[in-house]
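This briefing is meant for a reader who is meeting the structure for the first time.

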Amino acid sequence: MAATSQQIAAPVARVVLFANVGNRDVMVGGRPLGKPRPDGERLLAELAKGRDEVSLPLLDPTLAYLERAGTPPDRIILFATDQSEQIAPEHRDLDTVHFAAIARVLIEARLLSSKKQYAGKVAIRPLTRENPSLYDETFAFYQTFLKSFSVSKVGAGVEEVFVLASGGTPAMNLGLLLAGAEQYKDRCKPLYLEAGASQPRRLDLVRQLQESTLRKVALSHVEKYQFAAAREEIGRAHV
């Protein structure tokens with residue numbers, strides 16, 4: 001658990017990247033590792049010897065994209081799995097907690113404008129009690145974390161939130177997307193990186209969710225003959 005003990009500290013972050021770490025998100029020599037927990041633990045211990053061979057196929061192009069756009073994150077939160085020893089070995093071996101620790105080392109050493117841009121700005125938040133395959137548990141985890149982060153000293157002044165939901169399990173990705181949209185609304189910018197793509201693309205999920213919700217609210221007003229309120233909601237939904 002030492003890899004996950006780093007705390008989020010001041011100063012206030014204006015741009016934040018939330019990213020799930022999946023079991024193919026660390027590669028050595030362009031190849032994925034078979035068992036993320038044991039293989040990742042060994043790689044982390046030997047990282048200083050062969051760092052140049054290690055790559056982050058999702059996080060590297062995402063950070064490069066944000067840097068080109070002029071929005072390098074002030075804070076990066078990596079979500080990884082770290083299940084208990086009671087879980088069957090074949091499932092626990094897929095945990096990504098060590099992959100996240102490797103990613104933190106590599107990202108914090110990343111250079112931008114001839115200086116270390118991300119040193120001390122990367123934190124790891126593990127899913128320890130939640131089943132990463134259950135949608136209700138992952139969604140509740142992200143809801144709780146994002147709500148707490150949004151009122152913390154670091155997160156209270158966030159202006160842009162980028163959500164990379166390409167790594168991790170489907171339940172983790174959907175949970176992070178929905179919780180991010182719920183908590184940050186227009187400030188939430190979901191990103192998706194397809195396999196082999198050179199950069200992520202922005203998803204229109206937040207706007208679609210907002211318009212869908214507003215339409216439902218408008219219809220409820222119509223059913224209650226509250227036409228003025230319905231007209232206002234329809235205008236907000238651009239329909």
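**Helix packing, surface and salt bridges**

Helix H5 (residues 135-150) packs against helix H6 (residues 170-184) at an angle of about 40°, and the axes of the two helices are 8 Å apart. The model is a predicted one, and the points below are grouped by topic.

**Helices H5 and H6**

- The crossing that H5 and H6 make is right-handed.
- The residues of H5 that take part in the contact include Tyr135, Phe139, Tyr142 and Leu146, and those that they meet in H6 include Leu174, Leu178 and Ala179.
- Tyrosine 135, which belongs to H5, counts as partly exposed because its relative accessibility is 44%.
- Together with Leu174 and Leu178, Tyr135 makes a nonpolar surface patch of about 250 Å².

- Helix H2 is mostly covered, since 8 of its 10 residues are buried, among them Leu59, Pro61, Tyr65 and Leu66.
- Glycine 70 follows H2 and has a positive phi, near 80°.
- Threonine 71 sits in the loop between helix H2 (59-68) and strand S5 (75-81), and with a relative accessible area of 12% this threonine is buried.
- Leaving aside residues up to four places away in sequence, threonine 71 touches Val15, Leu66, Glu160 and Phe162.

**Salt bridges**

- Side chains of opposite charge can pair when their charged atoms come close, and the structure holds 7 salt bridges.
- Arginine 37 and aspartate 82 form one of these, with the closest N and O atoms 2.5 Å apart; the pair links distant parts of the chain, as arginine 37 is in helix H1 (residues 36-45) and aspartate 82 is in the loop between S5 and helix H3 (89-92), 45 residues apart.
- Both partners count as buried, arginine 37 at 11% relative accessibility and aspartate 82 at 8%.
- Arginine 42 forms a salt bridge with aspartate 39, in which the closest N and O atoms are 2.4 Å apart, and because these two residues are 3 residues apart in helix H1, about one helical turn separates them.
- Arginine 42 counts as partly exposed, at 49% relative accessibility.
- The side chains of arginine 110 and glutamate 67 meet in a salt bridge of 2.8 Å, N to O; arginine 110 lies in the loop between helix H4 (97-108) and strand S6 (111-112) and glutamate 67 in helix H2, so the pair ties together parts that are 43 residues apart in sequence.
- Glutamate 67 is buried, with a relative accessible area of 18%.

Conventions:
Residues are numbered from 1 along each chain as its sequence is written. This is a predicted model: local features need pLDDT of at least 70, side-chain atom pairs count only at pLDDT 80 or more; totals for chains, interfaces and linings use all residues. Side-chain values use heavy atoms; hydrogens and water are left out. Patches are made of residues with over 30% relative accessible area and no salt bridge: like charges are joined within 9 Å, nonpolar side chains (Val, Leu, Ile, Met, Phe, Trp, Tyr) within 5 Å. Accessible areas come from the Shrake-Rupley method with a 1.4 Å probe; for residues, only the protein chains shown count as cover. A salt bridge is a side-chain nitrogen of Lys or Arg within 4 Å of a carboxyl oxygen of Asp or Glu. Helices (H or I, at least four residues) and strands (E, at least two) are DSSP runs, numbered from the N terminus. Buried means under 20% relative accessible area, exposed over 50%, partly exposed in between (1.4 Å probe, protein chains only). Axes are lines fitted to C-alpha atoms, for helices over the stretch in contact, and angles run from 0 to 180 degrees between N-to-C directions. A crossing is left-handed if the near helix is turned anticlockwise from the far one by less than a right angle, and right-handed if clockwise. Contact means heavy atoms within 4.5 Å.
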